[in-house]
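The sequence and model are shown below.

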Amino acid sequence: MTTKLISVGFFLHLLFCYNVSVQAQCIADAGSDRIICAEDLNDGVKIGGNPTATGGTAPYSYRWYSKLTIDGVHFPASGALNDTTLANPSLKSVLGWYHLEVTDANPLTCYDSVGIGISYFEIDL
């Protein structure tokens with residue numbers, strides 16, 4: 001509880017009491033940057049942290065997007081992910097950088113990004 005005293009005139013004092021609510025900021029975790037083997041794409045490689053969102057107030061909504069543009073052609077995340085609204089979507093192909101926007105129930109928004117590379121070199125040991 002916070003109080004504030006306001007003086008109005010010579011003898012009149014007003015005392016206001018009010019609550020100050022501080023909301024915790026959400027924290028987005030898109031996961032660690034990594035390089036995956038091309039053959040692993042068929043196994044449903046997932047991106048996103050564990051957990052993908054913390055802090056703030058649940059429930060959370062997720063939006064994955066890509067800013068990749070080559071020669072004026074935009075490559076949206078929806079072409080590379082099985083669902084851009086899941087906390088941990090699976091990769092269908094690799095574009096490079098995926099950006100995550102998390103919105104909590106308040107609605108506060110937080111962001112993170114993850115870089116995914118692909119290797120076509122296979123070595124049998």
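This is a predicted model: local features need pLDDT of at least 70, side-chain atom pairs count only at pLDDT 80 or more; totals for chains, interfaces and linings use all residues.

Over the chain as a whole, the average pLDDT is 85, and 81% of the residues score at least 70.

The secondary structure consists of ten strands and zero helices, so the order along the sequence is β-β-β-β-β-β-β-β-β-β. Among contacts with a separation of 6 or more, 55% are between residues 24 or more positions apart.

Of the 125 residues in the chain, 26% are buried. The largest nonpolar core has 20 residues, and the members that touch the most others are Ile47, Trp64, Leu91 and Tyr98. At least two residues of this core come from each of strands S3 (26-28), S6, S9 (97-103) and S10 (109-119). In soluble globular proteins, nonpolar side chains tend to be buried together.

Ile70, Val73 and Phe75 make a nonpolar surface patch of about 240 Å². Ile70 lies in strand S7, which spans residues 69-70. Is Ile70 buried or partly exposed? Ile70 counts as partly exposed because its relative accessibility is 44%, and the partly exposed class lies between under 20% (buried) and over 50% (exposed).

In total the chain exposes about 8300 Å², of which carbon and sulfur atoms supply 57%.

How values were computed
Residues are numbered from 1 along each chain as its sequence is written. Side-chain values use heavy atoms; hydrogens and water are left out. pLDDT is the predictor's confidence in each residue, from 0 to 100. A nonpolar core is a set of buried Ala, Val, Leu, Ile, Met, Phe, Trp, Tyr and Cys residues joined through side-chain atoms within 4.5 Å. Buried means under 20% relative accessible area, exposed over 50%, partly exposed in between (1.4 Å probe, protein chains only). Helices (H or I, at least four residues) and strands (E, at least two) are DSSP runs, numbered from the N terminus. Patches are made of residues with over 30% relative accessible area and no salt bridge: like charges are joined within 9 Å, nonpolar side chains (Val, Leu, Ile, Met, Phe, Trp, Tyr) within 5 Å. Accessible areas come from the Shrake-Rupley method with a 1.4 Å probe; for residues, only the protein chains shown count as cover. A salt bridge is a side-chain nitrogen of Lys or Arg within 4 Å of a carboxyl oxygen of Asp or Glu. Contact means heavy atoms within 4.5 Å.
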